[in-house]
Amino acid sequence: MSSPSDLLSTWARGISPSPTLAIDAQAKAMMAAGHDVCSFAAGEPDFDTPEHIKDAAIAALRAGKTKYGPTPGIEPLREAIAARHSAERGVKAAASQVVVSPGGKFSCYLSILATCSPGDEVIIPAPYWVSYPEMVKLAGAVPRPILAGDASGFLLSASQLEAAITPKSRMLILNSPSNPTGAVYSRARLEEIVAVAIRHNLIILSDEIYEHLIYDGVTHVSPASLGAAAEARTIVVSGFSKTYSMTGWRLGTLVAPPAIAKAASELQSQMSSNTTTFAQYGALAALKETALTQAALQKMLAAFDRRRKLLHSGLTAIDGVTCLLAQGAFYLFPNISGLGLPSNEFCARLLQEEKVATVPGSAFGAEGYIRLSYATSDEVIAEGVRRIARFCQKLKHHA
Ligand SMILES: Cc1ncc(COP(=O)(O)O)c(C=O)c1O
């Protein structure tokens, strides 16, 4: 044991900690120390959980729902998730195909562990959510990112997918609406991609955690809704964190073909057991008390939509910055490659010099971009954009 890393496993030495959580923590620490930070780093809604959801969890707590529950989740919640999943996708999923986990993040990891063996390749369109490659590596599998930049609307094409397939390809990860780009796949594009996945016998991990955060009248389409062959190979991950402002509750879901759901539940039984029992009663209220839930969701969506446009118009007015107006999630992913700094240096200096927290595109496998979350107030957006513009002007001036 000559160095501290001798104490660690191959897994622990190989992992990169989540850069988004790290930057968010850094911004919060600076604020706590009295700095006036405009943070665009948060990966969570800035709204509180709706009251009726909190009330249901409090009532469950008082009613003694404080014990272990069934590993894949309490039955009424699994039934409600299966019913909702089926109605929204035009399929017939059973409650036995549902696993409720401690977060969408864990649902993704379970899905990968349940289906991928060491050496299997997992195709991940980039820009990607930071955790996918790391989770794939933790399963002993091999991440194969394919870049789709802003020129293609951050959307993978069927021919790109076809070209990336090897005899070891096992899984394709799709994430629509996307973190970090907010891009949304159309039905037509998904149909083309899914046809390739079917032809090459790939499993599709469809991370739909932002499925309800979508604007401009665009419809969310799930690969699971594109016919029996697609459904039979698709694992849909979703959860309560983003749609209902429940990030701290740790409630994720997966709906999968029966054999995969069973394996995911068995893995969960050895890794975490059920997620918090009384929290699941809160989730049940989110799905059952639909009028209250819809009212809270619509209020949040209206605010996000307004802020999305505010941030987009501010960013696109800056010389040297271009930005697509994304139609989902709560992120924009502007192109800053014209300003002459690598994205990590750009973000580090922006935080240092202007106290604006953003996340470098390099963390998402896409150099030349930065990610901004607009899950923050209109005031922070207005002031943040002023500071970013000043910073960019300075960079242009010194170029
Ligand atoms: C694309 C994506 N998937 C999954 C998650 C996981 O969410 P949670 O574990 O909070 O449910 C996130 C959260 O940032 C995300 O952005």
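This report describes the sheets, the ligand surroundings and several individual residues of a predicted model.

## Basis of the description

In this predicted model, local features need pLDDT of at least 70, side-chain atom pairs count only at pLDDT 80 or more, and totals for chains, interfaces and linings use all residues. Residues are numbered from 1 along each chain as its sequence is written, and side-chain values use heavy atoms, with hydrogens and water left out.

Helices (H or I, at least four residues) and strands (E, at least two) are DSSP runs, numbered from the N terminus. Two strands are said to pair if DSSP finds at least two bridges between them.

Seven strands form an open sheet in the order 2-8-7-6-5-3-4, and their pairing is mixed. Strand 2 (98-101) and strand 4 (142-147) are the edge strands, each pairing on one side only. From one strand to the next, the twist averages 20 degrees. Strands of a sheet pair through backbone hydrogen bonds, either parallel or antiparallel.

Strand 5 (residues 169-175) runs parallel to strand 3 (residues 121-126), and three bridges join the two. Within this pairing, E121 has S169 as its bridge partner in strand 5, and V122 stands opposite M171. Strand 5 is also joined to strand 6 by five bridges, again in a parallel arrangement; here M171 stands opposite I203. Six of the seven residues of strand 5 are buried, so this strand is largely enclosed by the rest of the structure. The term buried means under 20% relative accessible area, exposed means over 50%, and partly exposed lies in between (1.4 Å probe, protein chains only).

## A helix across the sheet

Helix 5 (residues 104-115) lies across strand 2, strand 5, strand 6 (203-207), strand 7 (234-239) and strand 8 (252-255). Helix 5 runs at about 160 degrees to strand 7. For such angles, axes are lines fitted to C-alpha atoms, for helices over the stretch in contact, and angles run from 0 to 180 degrees between N-to-C directions.

## Surroundings of the ligand

There are 13 residues around the ligand, of which G104, N179, D207, S241 and K242 come nearest.

A polar backbone atom of G104 is 2.7 Å from an oxygen atom of the ligand. For K105, a backbone N or O atom lies 2.9 Å from a ligand oxygen atom. N179 takes part through its side chain, where an N or O atom is 2.7 Å from an oxygen atom of the ligand. Taken alone, the ligand exposes 400 Å², and the protein buries 91% of that. These accessible areas come from the Shrake-Rupley method with a 1.4 Å probe; for residues, only the protein chains shown count as cover.

H85 is found in helix 4 (residues 75-89). At 7% relative accessibility, H85 counts as buried. Apart from neighbours within four places in sequence, H85 is in contact (heavy atoms within 4.5 Å) with V91, A93, V236 and V255.

T234 belongs to strand 7 and is likewise classed as buried, at 3% relative accessibility. Its side chain reaches the backbone oxygen of A230 at 2.7 Å. Leaving aside neighbours within four places in sequence, the contacts of T234 include I204, S206, V255 and P257.

Two bridges join strand 9 to strand 12 (residues 370-373), and L372 in strand 12 is the bridge partner of L332.

Y374 lies in the loop between strand 12 and helix 14 (378-398). Y374 is buried, with a relative accessible area of 0%. Not counting residues up to four places away in sequence, Y374 touches a number of residues, among them Y215, F304, R307, Y331 and L332.

Definitions and conventions
A residue is near a molecule or strand if one of its heavy atoms lies within 4 Å of it. A polar contact is a pair of N or O atoms within 3.5 Å; within protein, one must be able to donate a hydrogen and the other to accept it, and residues adjacent in sequence count only if both atoms are side-chain atoms.
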